[in-house]
Amino acid sequence: MLSQLRADIQAVKDRDPACPSTWSALTNYPGLKAVRWHRRTYWLHGHGFVWLARAISQWVRHRTGIEIHPGATIEEGFFIDHGMGVVIGETTIIHRNVTLYQGVTLGGTGKERGKRHPTIEEQVVVGVGATVLGDITIGRGSKVGAGAVVIHDVPPNCTVVGVPGRVVVREGQRVEAIDLHHEDLPDPVVEMYRVLQRRMDKLETRLARDEASGDEQGTSVFADKVESDSQEGE
Ligand SMILES: CC(C)(COP(=O)(O)OP(=O)(O)OC[C@H]1O[C@@H](n2cnc3c(N)ncnc32)[C@H](O)[C@@H]1OP(=O)(O)O)[C@@H](O)C(=O)NCCC(=O)NCCS
């Protein structure tokens, strides 16, 4: 218990250069407060005091802005920086020395029962506002970029960014992005409007040219051209 507390305090001091002392870590860090309370609610939850554990965790949420379900398994050296808006679901497993920033959700997809929250392996860093959903594993030493939404397993020592999350760095090497640009598939209706627009532009230019020349003959040439163009288009 004491060694766990020491490791949690050390995590704050190691990972936040702005933390000047143990006293400051204990008193000024909502992340550490939430984790310390979680150690107690976890015990209560495991010993059948489910309602009490939940009630305390809700009170802690009110105090710190961090909601950790009492059932979540969290090993030592866990650091939540800033904290506000962090949600950690019931069946989440967090291994040693993990760091989360504010606004991180470790949640379920809403479709599963049983183990339905992520497993976060050692030394993982999850950036501000990132969302990790479902019973997936974020491999040891990986980084989840700020704002990413991760719904598939991430291998160890990777960097995953974006929505949906994709691996951009693996074992220190850049991963070539496969850019399928699904959003750029051709839309046949839009394409048809473009063809019509181009055709109208062409005709208007011709009409303007013929009108400018003031030539009676020009108008009839224009009429002939329109007729021949429309036959081509059919
Ligand atoms: C992802 C992160 C950890 C950087 O990891 P990294 O392994 O050093 O990766 P790089 O910086 O080399 O970036 C790799 C690529 O991902 C992109 N990228 C980095 N972070 C990104 C993010 N959050 N969202 C989208 N793309 C991102 C980079 O632009 C780069 O793309 P490129 O190859 O086209 O230039 C970092 O950008 C991040 O998001 N950290 C979170 C920090 C945080 O939450 N701080 C809160 C303080 S209060």
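**View 1. G165 lies in the loop between β14 (158-161) and β15 (166-170).** The model is predicted. G165 is partly exposed, and its relative accessible area is 27%. That value falls in the partly exposed class because buried means under 20% and exposed means over 50%. Leaving aside residues up to four places away in sequence, G165 touches V149 and V160. T131 sits 34 residues from G165 along the chain. The C-alpha atoms of G165 and T131 are 9.4 Å apart.

**View 2. Helix α1 (residues 2-15) crosses helix α3 (residues 30-46) at roughly 165°.** The two axes come within 11 Å. The crossing angle therefore makes α1 roughly antiparallel to α3. The crossing of α1 past α3 is right-handed.

**View 3. Residues of α1 and α3 form the helix contact.** From α1 come Q4, L5, D8, I9 and V12. From α3 come L32, V35, R36 and R39. Sorted by class, the contact of α1 with α3 holds 5 nonpolar, 1 polar and 3 charged residues.

**View 4. The protein chain contains 6 helices and 16 strands.** The chain has 234 residues, and 34% of them count as buried. Its accessible surface is about 14200 Å². Carbon and sulfur atoms supply 55% of that surface. Among contacts in the chain with a separation of 6 or more, 30% join residues 24 or more positions apart.

Notes: Residues numbered from 1 in each chain as written. Predicted model: local features only at pLDDT ≥ 70, side-chain atom pairs only at ≥ 80, totals over all residues. Heavy atoms only, no water. Helix = DSSP H or I, 4+ residues; strand = E, 2+ residues; numbered from the N terminus. Buried < 20%, exposed > 50% of the residue type's maximum accessible area, 1.4 Å probe, protein only. Contact = heavy atoms within 4.5 Å. Areas by Shrake-Rupley, 256 points an atom, 1.4 Å probe, with all protein chains shown as cover. Axes fitted to C-alpha atoms, helices over the stretch in contact; angles between N-to-C directions. Parallel < 35°, antiparallel > 145°, perpendicular 65-115°, else oblique. Left-handed = near helix turned anticlockwise from the far one by under 90°. Nonpolar A, V, L, I, M, F, W, Y, C, P; charged D, E, K, R; others polar.
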